[in-house]
Every structure is written in C-alpha cells, then in structure tokens.
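Here is a short note for a reader new to this entry. Please look at the model first and then go through the points.

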Amino acid sequence: MSAPTSAPAIEAIDLVKKFGDQTAVDGVSFTVPEGTVLGLLGPNGAGKTTTVRMMTTLTPPTSGTARIAGYDVVEQPKQIRRAMGLTGQAATVDEILTGRENIMMIGGLYGIGRKQLRAIGDQLLEQFSLTDAADRPVKGYSGGMRRRIDLAVSLLAAPPVLFLDEPTTGLDPRSRSELWDVLRALVKQGTTLLLTTQYLEEADQLADNIVVIDKGRIIAEGSPLQLKEQAGQASLVLTVSHTDDIGAAEGLLRKTGGEVFVDLGARRLTAPAEGLADLNRVIGWFTESGIAVDDIGLSRPSLDDVFLSLTGHTAEDNAAGTDPATSAQETSV
Ligand SMILES: Nc1ncnc2c1ncn2[C@@H]1O[C@H](COP(=O)(O)OP(=O)(O)OP(=O)(O)O)[C@@H](O)[C@H]1O
Ligand SMILES: [Mg+2]
C-alpha cells in the first residue's frame, strides 16, 4: 500500500465544485510539501470548507481532483481516508459520551486494539489537558475543551496528513495559543497540516505557506512574509514631544531619502524604512539633535493589510465576532 515518496503530501488539482448554478470552488490548485503547514485563508463563503470536503472524500469534486500522500481522492477514497485525519468546522464527537468514551469508540472504529487504544487515549487526553475532564460527558465541556477533544479524536490514527477546518474559531486567546503549541509539536514530528482560518494571526503564526481564496478562486499565495511584502513597505513612525520641533524633525527624517508624511495634530511623522538598521540610524540622529521624542517605532504591513488590499475588506468584517486582532507589528523604543 505504499505511495510514491516524492509526491507532495497534499495536492489540489484544478478543483471545481458547483452547487446548482453556483460555483463554490472555481479551479483551485496548490501543493503542500510534506511536513509543512498550509493556511487556507478567506472570508465567509470563500469556499474553504468545500475545498477541504472535496480533498477529504466527503463530497465529490464537480471536476478536478486532489492527491493525498500520492493517492487520488476520486479514484482511491479508501486509501485517502487511511492516510489523513480531519477536524471539521462542526464538532464530530458524541455529546452524550465522555471524552474517554469518544476516544475508545472512534479508536475502535479505526481498528486499534483496546489496550493500545487506552495508552494512546491517555496520552492524547494528557497532551490536550483533558485528563481531569476525561470521564465527564462532552456536553458539559466548554467550547475550547470541545475543540480539543475533537482534535484529539482526529489524531487517534496518527495520520501523516491532517486537515483542520477553522480549528480555533470560538476559542479564547489562551486556548487558541495552547492549541497552536499542540499543532506546532505535531508538525515538528512530521505531520503535514492544512488548516483553514479566518484569523490572519493564526496563519501568520502557523503557516509556512498561505493560499488566499475569495469567491472560490485563489487570489494570492506565498509565505506570510512574501504576502506582507506584497502589501507594502515598512515605515518608520515617530512622535515628537513638542509641536515646535516638527519642522526640524521633518528635516532630519528627509535624510532617509524617502518622502516624509507629517500629521501635525498627532505630532507624528512617518517615513519609509527598510528595517532595524534604518530605525537605529534615525534614533542616532534624534539623540544627537536633542529633539525630544515620545515614541519611535517600525511599522510593517500586517496580514490584515494584505487581506484588505486583496479583498477590499478586512478579515474582521467577516470573522464570527471573536477577536481576530492582528495589529501592525510595532517596535517601540
Ligand atoms: N451543500 C451546499 N449546497 C449549496 N451551497 C453550498 C453548500 N455548501 C456550501 N455551499 C455554498 O458554497 C459557498 C462556499 O461555502 P463554504 O462553506 O465552502 O465557504 P467557507 O469559506 O468555508 O465559509 P466559512 O468561513 O463561513 O466557513 C457558499 O456560498 C455556500 O453557501
Ligand atoms: Mg467553512
């Protein structure tokens, strides 16, 4: 049952899905090298879940196909199901059963022996901080605990390829970052991960590569850094303490060679900058000049800026009410 080892772990090949006369996914192709993380990013209704469902054999593509670990989704659905795990957008665990019972039941369906299952189960419960709650029915779990038991269950068969559809939606920031740690550890062990998200910070934190889709089509792709660079240059932002100094400060900043933008009311000046070397240079000039400065920092475009420039709206407009806060990275001195 071995698959060609040179194949990428995940490959989408011109995937199309139509619902009646609506095209939900319109020719999506990408590859995910083994042991890397791909973030599939896009607003509500972009086609993320439909793409994942086609790739995981849950719904047949109208045309095109996908390969997981070298197996074809259309031709070899059985092998695909063995090669991958999925945590869907909606919970799949049984509410009435306890966390441990869910593990025993689903692991049993995978054909894992009871003794081995008990050991793996304990380990997963521990890994997801669910040991204390293991023998309580899932219906009493918090949202974060539910996402964790969902994920634990999808890891039972130790799949080499894992699909996660909005794994942290509805989690508080702490549970979210805990889950990120778990995912990072999995990837370190060699798991290939495809995750959909509306949280740009999540993609920024986890993904090696990002594919942005909107209305069923890919509108951008690249590493988080490449996408940010595409959205524009970094800038240096400086606030002087006294309005009287603005003219002199502007003169100094001009030495960078770029155009200086002045916000008089805020006593704030902005100039293009390459990075920390520029920042250090400017700090030197101002220290020498004696001009009092309240704040100076470097501001880079965030993935939010990328998203805005690509889709014409921010991800926050779309996110389901929870905090997708991604601010520009500022280094204040
Ligand atoms: N079973 C279905 N029947 C008809 N239309 C569907 C079906 N499933 C999805 N769609 C439509 O396809 C489009 C893409 O939906 P999809 O669920 O893939 O988006 P998504 O990117 O996952 O969005 P969200 O961020 O809200 O989860 C939407 O317009 C949706 O209404
Ligand atoms: Mg979805």
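1. Basis. This is a predicted model, in which local features need pLDDT of at least 70 and side-chain atom pairs count only at pLDDT 80 or more, while totals for chains, interfaces and linings use all residues. Residues are numbered from 1 along each chain as its sequence is written, and chains are lettered from A and ligands numbered from 1 in the order in which they are written.

2. Sheet. Four strands form an open sheet in the order β12-β13-β11-β14, paired antiparallel. Strands here are DSSP runs (E, at least two residues), as helices are (H or I, at least four), numbered from the N terminus; two strands pair if DSSP finds at least two bridges between them. The edge strands, each pairing on one side only, are β12 (261-263) and β14 (293-299).

3. Strand pair. β12 and β13 (residues 268-272) run antiparallel and are joined by three bridges. Val262 has Leu269 in β13 as its bridge partner.

4. Helices. Helix α9 (residues 246-254) packs on the sheet and touches β11 (235-240), β12 and β13; contact means C-beta atoms, placed from the backbone, within 7 Å. Helix α10 (residues 276-289) lies across β11 and β14.

5. Helix pair. The axes of α9 and α10 come within 10 Å and cross at roughly 140°. Axes are lines fitted to C-alpha atoms, for helices over the stretch in contact, with angles from 0 to 180 degrees between N-to-C directions. The contact is made by Ala248, Leu252 and Leu253 of α9 and Val282, Trp285, Phe286 and Ser289 of α10.

How values were computed: Contact = placed C-beta atoms within 7 Å.
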